[in-house]
Amino acid sequence: MKDSSEKLARSAELAAKVGTLLQKRLKLARERFTARVKEIHDGYRESAAAQPITPWGLWQAGCEYAVDLGQRAVLFWDTLRQRGNAFIEHERAGKPPLLHFDFETVLDGRGLERPVNYALVRITPPEGVSVDARRRPYVIIDPRAGHGPGIGGFKDDSQVGVALRDGHPVYFVIFFPEPEPGQTLLDVCAAEQVFVKKVRELHPASPKPVVVGNCQGGWAAMMLAASNPEDTGPIVINGAPMSYWGGAFQEGEGDNPMRYAGGMLGGTWLASFVSDLANGKFDGAWLVRNFENLNPANTYWDKYYHLFANVDTEPARFLEFERWWGGFYLMNREEIEWITRNLFVGNRLWSGEVASANRKVFDLREIRSPIVLFASMGDNITPPQQAFNWVADVYGSTEEIKARGQVIVGLLHENVGHLGIFVSGRVAKKEHAQIVSVLKSIEALPPGLYGMRIHEERGAKEKVEYQVDFVEHRLEDIVKRLNRLARADEKPFEAVAAISEFNQRAYELFAQPLVQAASTELGAKLQQAFHPLRFQRWAVSDMNPWLAWLGPAAAAVKAQRQAVAPDAPARKAEQAMSGVMSAALDYYRDVRDAMSEAAFFQVYGNLFSLHLADRREALEETRSRAVEPRELPVVKEALAAIERGGYAEAVARAAALLARPGEPLPLERLHLRRELAQDYRELLPQTAPDERRRIRGEQDIIVRYERERAIATLPQLVRDPADGKRLATLFEKLLADRRLHALEPTAEQRAMLRRIQEALHAAPGGKRLSAVKG
């Protein structure tokens, strides 16, 4: 923009657009609330009409309901008392990891040269489950986002359980409640490198370990793989926010309110302030509080009413989850500042601006192992844009992914929420189980960006079976599909980052010395104890002498329980009132999120338009010059090498020429590729998996842009007569292999086989492939 009038015009245009979207969102929220209340009202009237009742019956039902209501109230509060007791017991025990499985400590990070409050543990297989030490081990990293470790192995049907039942050794990275003095996130990354090296030492005959990262453990896994690519195998990141500025403002739905929190709170300074008040420790309960505020209906009503309505059967499940949800862990001020400044607000991980402990920057392009990304459309904490957009930021194009030999597989769930990605038994049995199956052969995938699809089928005796296939995508198409406004809604976050840095410096200069001087360890302990999430637990426990009657009263109620059926008229009315309360809280949430989103874009969108847009437009103009894929540096480099290479390049080029572009690749065919590679390894190039994928990616680019030259120059890659014979022998053996007979070649593949035959015949030492004559 050239002058202030244009800037003001752009600002006015933004204000009008935000105002229009706000009106639409408020109208949509009102319509949802009205429709939901009408549905509840109509359902109740219908059920009431179906169950007419006499005056005497009404009196009798009322008396029975009153008894049931009182009994359920006693049992409800007794369940909360048990929750409080479990909370206190867990605190006194030192808050051990809440894993469903037994484990033994392999390496304690508190004894490392730079101590950290992390440890590597080996999961003990349960009775009836055996593991093979030669199979690829799994290393699972849980998120340190306020809670304690254990979500990846919270129940039998979990990531840990799925890997164990498939025969894999499983290791878990746990952490302790209190951080070590001076510990930083870079120290943690260095410790995780030591953990992975230890796993490799314990399994020298196994492939490199799979590293699984959940939520914030996802970016920890990516940092680990980028800084230590020699020791890490495939990476799986589940619900991991990698591009914190991503979201869905363009949809007008406001489904991602968490991404606006940093801007609405003025940046990162508040995390520093809270840590300084607590004597240098950040209480993870504040992060949990943020999660709970996302869904006030569930936090303040639904989960408690569900317990109250099903108090005879629900307490065990409620208490199991609450035991993990109520275990709050601490961070050092340096840790939360690093997270907020580099990730939450700064969004710097993908940009190559973040340095490791040895001063080497984290370059995600250095990751040489395949990456699996699992996200959900129903996740309002880590929306798909935050899980996937980093790929476009890091690689820029499909060609660069291929040139670097990278395999990236995306799996998108339709509706499960953030926690459901990790704790849902259905997700574990379906998505996580199929991911484990895919990881057996994922290194056989040619480099590129793939969508993983899981098809549910009914087998014998109606048993559910899953079929998996892969569809290759262009990165450019995926980015457009996820970001319909070309990510224009991310621009105001640059203003957030700038304001945040200013506020952080101002706080450090003018307020931090005073706050730190006033804080004490006793004050920090009192703040932790009286945090609302802790207080509501220990206040309703046996520590409270006013509740001494509750346990005996609950025992008496259980002995004389007089439950009313859930379909009784009074219970139906109760359920209707609960539904209206839940709908009202959802309506409040929708209005709050709409107002917050509008305020964010009005403030920071205008700041961007008025102060930062000139710099951004100059940058975008520079980036937009190379729009033709053929002009990309990686493409030019690949085409320049079209006549260079040897046997490895020849095999990769032949495979690229015979590929079936656009056709789904079933998992069974991928497993078959792995088997064939093992059976014919003496005829295949002896290269490392990452180098093999890099070569294949380069040849894919050559075939895509210069197909005819790729065929014509194929003989130059097998100048050695022995290589020509070897390649021809490989083709003949593959064509004669009965396992491939079911894969009927297409007409295009038959034609390409003949052309490759002619090319090989022209090469030194070449011979005809009798199996493909005709």
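Tutor: The side chains of aspartate 166 and arginine 135 come together in a salt bridge, with 3.7 Å from N to O, and this is seen in a model that is predicted. The two partners belong to distant parts of the chain, 31 residues apart: aspartate 166 sits in the loop between helix H3 (159-165) and strand E4 (170-175), while arginine 135 sits in the loop between strand E2 (118-123) and strand E3 (138-141). Aspartate 166 counts as partly exposed because its relative accessibility is 22%, and arginine 135 also falls in the partly exposed class, with a value of 28%.

Another salt bridge joins the side chains of glutamate 675 and arginine 739, at 3.8 Å from N to O. Glutamate 675 is part of helix H24 (residues 667-679), and arginine 739 is in the loop between helix H27 (721-736) and helix H28 (747-762), so this pair ties together parts of the chain that are 64 residues apart in sequence. Glutamate 675 is partly exposed, with a relative accessible area of 33%, and arginine 739 is likewise partly exposed at 33% relative accessibility. Salt bridges can also share partners, and in this way Asp68, Arg72, Asp312, Arg561, Arg571 and Glu574 are joined into one network.

Arginine 81 and aspartate 542 form a further salt bridge, in which the closest N and O atoms are 3.0 Å apart. This pair, too, links distant parts of the chain, for arginine 81 lies in helix H2 (residues 55-92) and aspartate 542 in the loop between helix H19 (532-538) and helix H20 (550-559), 461 residues apart. The pairs described here belong to a count of 63 salt bridges.

Glutamate 490 is placed in the loop between helix H16 (475-482) and helix H17 (492-518), and it counts as buried because its relative accessibility is 8%. Its side chain is joined to that of asparagine 389 by a polar contact of 3.3 Å.

The protein has 28 helices and 13 strands, and buried residues make up 51% of its 774 residues. Among contacts between residues at least 6 apart in sequence, 81% join residues that are at least 24 apart. The radius of gyration is 30 Å, which agrees with the value near 28 Å that a compact globule of 774 residues would have. Along its principal axes, the C-alpha trace spans about 100 × 75 × 60 Å. The protein exposes about 35,600 Å², and carbon and sulfur atoms supply 56% of that area.

Notes. Residues numbered from 1 in each chain as written. Predicted model: local features only at pLDDT ≥ 70, side-chain atom pairs only at ≥ 80, totals over all residues. Heavy atoms only, no water. Helix = DSSP H or I, 4+ residues; strand = E, 2+ residues; numbered from the N terminus. Buried < 20%, exposed > 50% of the residue type's maximum accessible area, 1.4 Å probe, protein only. Polar contact = N/O pair within 3.5 Å; in protein donor to acceptor, adjacent residues only side chain to side chain. Salt bridge = Lys/Arg side-chain N within 4 Å of Asp/Glu carboxyl O. Rg over C-alpha atoms; globule rule 2.2 N^0.38 Å. Contact = heavy atoms within 4.5 Å. Areas by Shrake-Rupley, 256 points an atom, 1.4 Å probe, with all protein chains shown as cover.
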